[in-house]
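Here is a short briefing to read alongside the model.

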Amino acid sequence: MLKEIKQTAEVAGYLWEKGWAERNGGNITVNITESLDSATKALPAIAGPFPIGNTLPHLKGCFFYCKGTQKRMRDLARDPMSAGSIIRICADCSSYEIIAEQPVMPTSELPSHLSVHDYLLAKGSPYRASLHTHPIELVALTHSRKWMEKDVATRMLWSMIPETKAFCPRGLGMVPYMLPGSIELADATIKAIDDDYDVVMWEKHGVFAVDTDIMSAFDQVDVLNKAALIYIASRNMGFEPEGMTDAQLKELTTAFNLPK
């Protein structure tokens, strides 16, 4: 089994344990093209082709491991090839076929995930993994207009603990509520990523994170949600947390050579 698929199974287990993947909630899509040998790439399709709903010219001939639609993360953690599938993007760049291991249909949010991957390849990004999950405390923040304003939540989260700025230096992008799985949501997410965010908050829904591999994408969400937990814990103890000062954050940015 590919290391990317083993790592995806590990992350799926973490998502379930954290309560971020109720029922069949959440999705993972990983570009595994560079890890497949020529024999695997030449495998005949076991199902398809199926329309993507969009034309994605930079994904021609690419291969992805995807969580299956209506499949649970806890099942993917145990048996990733019965709760997910490997797909190949067809030459028309607007359809895909399943090549392994079972004819499991990929996530219903595949068009939005693949649109982001098409954008990442077009800009020469090294990012190959996308994660959508429902971190409780971060989702809770989006039920307040205050935190949906640009970079307001980012500033608060960075100030809760130094590691947040260090490990999530691009902060948290915000996308207003849109229909899950829609092309409109994909376009808004791509715009947020283009604005230099790696983790994007979908209002009242969840987060979408991209990184070089799925564990790194998970780590960013985990760090951001820990900061949200510290903020909420402080409020539950009856006080508004001070947070780190602008001077302290600036010192941290300089010391760790972080993006300004």
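**Backbone features worth a look**

Pro 49 is part of strand 2, which covers residues 47–51. Keep in mind as you browse that this is a predicted model.

- Glu 101 sits in the loop that runs between strand 5 (95–100) and helix 4.

- Arg 23 is not a glycine, yet its phi is positive, at about 45 degrees.
- You will find Arg 23 in the loop between helix 1 (3–17) and strand 1 (27–31).
- Arg 23 has a relative accessibility of 48%, so it counts as partly exposed.
- Cys 93 is another residue other than glycine with a positive phi, near 65 degrees.
- The loop between strand 4 (84–89) and strand 5 holds Cys 93.
- Cys 93 counts as buried because its relative accessible area is 8%, and the cut-off for buried is under 20%.

**Lys 123 and its loop**

- Lys 123 belongs to the loop between helix 4 (110–122) and strand 6 (129–133).
- With a relative accessibility of 48%, Lys 123 is classed as partly exposed.
- Lys 123 and His 58 are 65 residues apart along the chain, and their C-alpha atoms are separated by 9.9 Å.

Methods
Residues are numbered from 1 along each chain as its sequence is written. This is a predicted model: local features need pLDDT of at least 70, side-chain atom pairs count only at pLDDT 80 or more; totals for chains, interfaces and linings use all residues. Side-chain values use heavy atoms; hydrogens and water are left out. Helices (H or I, at least four residues) and strands (E, at least two) are DSSP runs, numbered from the N terminus. Buried means under 20% relative accessible area, exposed over 50%, partly exposed in between (1.4 Å probe, protein chains only).
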